[in-house]
Amino acid sequence: MNAPKLIFAFIGRKPLTWAFHALTLALGVAVVTALLLLSRSLNDRFDKDLAGVDLVVGAKGSPLQLILSTVFALDTPTGNIPLRTAQTLERFPLFKVVVPVSLGDSVGGYRIVGTQPSYGQLYDARIASGAWWTRPMQVTVGAEAARQLHMHLGQVFAGAHGLATGGELHADTPYTVVGILQPTGTIIDRLVLTDTASVWRVHEQEAVKQEGLTPDEASSHREVTALMIKYRSALGAVMAPRLIQQEPGLQAAVPAIEMARLNSLLGAGTQVLQDFGWGLLALSALGFFVALVSAVSQRRRELALLRALGARPALLFGLIAGEGLMLGLLGGIVGLGLGRAAAAVAAAVSTHSGGPALAVPSFGAADLAILGGAAALSLAASVLPGLLAYRLNASLALQGA
Amino acid sequence: MLVVSGLTAAYGGRPVARLAGLTLAPGQAALILGPSGSGKTSLLLAMAGLVDIHAGGVRIGDTDIGALSLAQRDRYRGRNIGLVFQDIHLIPGLSTLDNLLLAPYAAGLPQDVRRALALLEQLGLGDKAARPAQTLSRGQAQRAAIARAMLMQPKLILADEPTASLDDDACRVVGDLLTSAAAETGAMLLIATHDHRLKARIPTVVAAEPVAAGEAA
């Protein structure tokens with residue numbers, strides 16, 4: 001004979017009631033868990049992909065769009081900026097790192113990014129096999145892109161125009177795979193990197209062929225899409241954005257600001273869901289409370305019998321609190337499982353439908369905290385019912401009053 | 001030895017019943033007789049330390065129940081007093097065996113499964129040990145409760161209306177069962193009842209006197 005046996009004997013009489021209460025708790029926990037996991041993995045993803053970039057400079061347009069397209073490979077670019085401007089900025093003394101990004105083509109849905117090897121340094125990317133490109137039309141492929149596209153060293157492929165699949169192929173200017181990167185867990189895994197000059201070559205070739213320009217004419221308007229910049233010092237943050245905003249056709253977008261704006265945009269919806277989750281939790285705590293109060297009054301005589309057998313009032317309190325705790329843990333564990341499953345599904349959908357590639361954080365302290373929270377909530381809900389049991393007038397209950 | 005003298009049971013300072021005096025030696029049995037509402041049960045529960053002792057005293061061996069703190073009364077009851085009630089016998093959802101073991105569990109004592117099984121066997125419930133309590137008949141449940149009262153080898157067994165609403169045969173069986181249970185464990189037996197049929201089995205009788213509201217104890 002032990003306390004769990006006794007608690008199960010009590011619960012077993014109203015399995016549906018208790019299942020219902022455990023389920024309400026589980027749903028509340030699931031909603032809160034899923035949202036926390038998703039927002040954490042989204043923040044992780046953005047943090048990693050941002051790789052400490054302080055400023056993105058590109059063509060005028062939406063600053064958020066500029067950042068999404070340049071840093072996170074999510075949106076379409078706002079336009080291009082002249083190469084000459086880019087070269088001026090590269091020499092700007094306030095900047096420590098300036099990485100050019102040229103977008104426009106893709107292969108199998110993965111973006112081809114014309115840039116410099118400094119792009120790889122941003123993400124601490126290392127070669128798994130082969131090497132970084134040394135000449136235009138050579139590519140070094142991110143780990144995931146290489147795996148999904150079954151790319152191998154020496155492979156030759158044509159880029160497709162546009163960032164989505166199904167664009168027109170640039171068959172005259174094929175790329176050659178010279179290197180494959182190790183996985184980094186950042187956006188670079190999903191990119192095909194090449195020299196900035198490759199992008200010019202592909203598009204100048206097209207211009208000569210289709211619009212009848214001379215090669216010189218075609219190469220006179222060279223452009224890049226955007227620049228990712230890290231400051232040398234805090235002074236950069238003060239001066240650079242203002243200087244750049246004065247240039248016609250240029251804009252400087254600060255990722256920190258834009259990501260905060262994005263968060264507040266998404267936040268409204270997330271907040272509603274999260275409040276809904278907290279509401280469910282509060283409701284389930286109230287349900288526990290009501291159910292336990294009525295359970296104590298239904299079991300008065302049995303609890304009194306325990307007193308008659310010598311049980312201290314504290315034992316009765318413990319039985320009620322134990323019952324609450326057991327249901328709280330059950331609801332918490334089921335809810336955590338449901339929440340994790342929902343987050344995993346949402347992350348997979350996002351990853352495979354062109355959204356950010358989300359990785360749900362593995363089981364850790366946060367999950368234990370959620371379980372602890374569910375347990376604490378159910379314990380809190382059982383304090384008053386437990387006190388009712390503690391203060392039970394055994395002699396009256398035994399006489400049928 | 002049980003010595004009751006001028007015991008007045010009270011709820012919240014309001015006396016409800018009085019028992020002038022009673023002395024039992026180990027192995028002896030007595031009835032507290034009185035009509036319904038005379039406060040027999042309250043007196044019984046007062047001896048068990050579950051109802052306030054307003055006046056007078058209860059001594060079991062060397063222990064003065066009235067002098068114990070509430071926690072000490074719980075402890076003393078769990079170790080020395082076996083209680084059998086009129087209709088609250090077992091907790092459904094637990095096996096018959098577990099219902100017996102509730103006594104040592106509630107008292108925080110080691111659980112002697114073998115002795116519990118032997119007692120069930122002895123009372124003809126050997127085949128019910130593993131069965132859920134709710135599958136037992138009323139009579140079987142009462143027998144299991146008597147087995148539980150014997151389990152802790154108490155000094156005193158207190159039974160509240162154990163034969164109410166039983167026919168003559170069943171009444172005799174329960175009377176025999178309780179007296180032999182007490183005899184076997186060397187316990188004193190006190191039965192609160194309005195059932196005069198038990199007098200044939202247990203001739204020692206004391207009367208419960210109701211205390212009317214406002215009457216001084």
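User: Which residue stands opposite Gly82(B) in β7(B)?
Analyst: In this predicted model, Gly82(B) stands opposite Ile157(B). Strand names here refer to DSSP runs numbered from the N terminus (E, at least two residues, for strands; H or I, at least four, for helices). Residues are numbered from 1 along each chain as its sequence is written, chains are lettered from A and ligands numbered from 1 in the order in which they are written. Local features need pLDDT of at least 70 and side-chain atom pairs count only at pLDDT 80 or more, while totals for chains, interfaces and linings use all residues; side-chain values use heavy atoms, with hydrogens and water left out.

User: How many bridges join β6(B) to β7 of chain B, and what makes that a pairing of strands?
Analyst: Four bridges join β6(B) to β7 (residues 156-160) of chain B, and the two strands run parallel.

User: What makes the contact of Arg13(A) and Glu302(A) a salt bridge?
Analyst: Their side chains meet with N to O at 2.6 Å, and the rule asks for a side-chain nitrogen of Lys or Arg within 4 Å of a carboxyl oxygen of Asp or Glu, so the contact qualifies. The pair links distant parts of the chain, 289 residues apart, with Arg13(A) in the loop between α1 (3-11) and α2 and Glu302(A) in helix α11 (residues 300-308) of chain A.

User: Why is Glu302(A) called buried?
Analyst: Glu302(A) has a relative accessible area of 9%, and buried means under 20%, exposed over 50% and partly exposed in between (1.4 Å probe, protein chains only), so Glu302(A) is buried. Arg13(A), at 35% relative accessibility, falls in the range between these limits and therefore counts as partly exposed.

User: How do you know that Asp168(B) and Arg197(B) form a salt bridge?
Analyst: Their closest N and O atoms are 2.6 Å apart, which meets the distance rule. Asp168(B) lies in helix α6 and Arg197(B) in the loop between β8 (188-193) and β9 (205-210) of chain B, so the pair ties together parts that are 29 residues apart in sequence. Asp168(B) is partly exposed at 48%, and Arg197(B) is partly exposed at 34%.

User: Why is the pair of Phe92(A) and Phe95(A) called tilted?
Analyst: The search of the whole structure finds six aromatic pairs over all chains. The ring centres of Phe92(A) and Phe95(A) are 4.9 Å apart and their planes stand at 50°. Rings of Phe, Tyr and Trp (its six-membered ring) pair if their centres lie within 6.5 Å, and planes under 30 degrees apart count as stacked, over 60 as edge-to-face and the rest as tilted; the pair is therefore tilted. Together with Tyr231(A), Phe92(A) and Phe95(A) form one aromatic cluster.

User: Are Phe92(A) and Phe95(A) buried or partly exposed, and why?
Analyst: Phe92(A) has a relative accessible area of 22% and is therefore partly exposed, whereas Phe95(A), at 3%, is buried.

Terms used
Two strands pair if DSSP finds at least two bridges between them.
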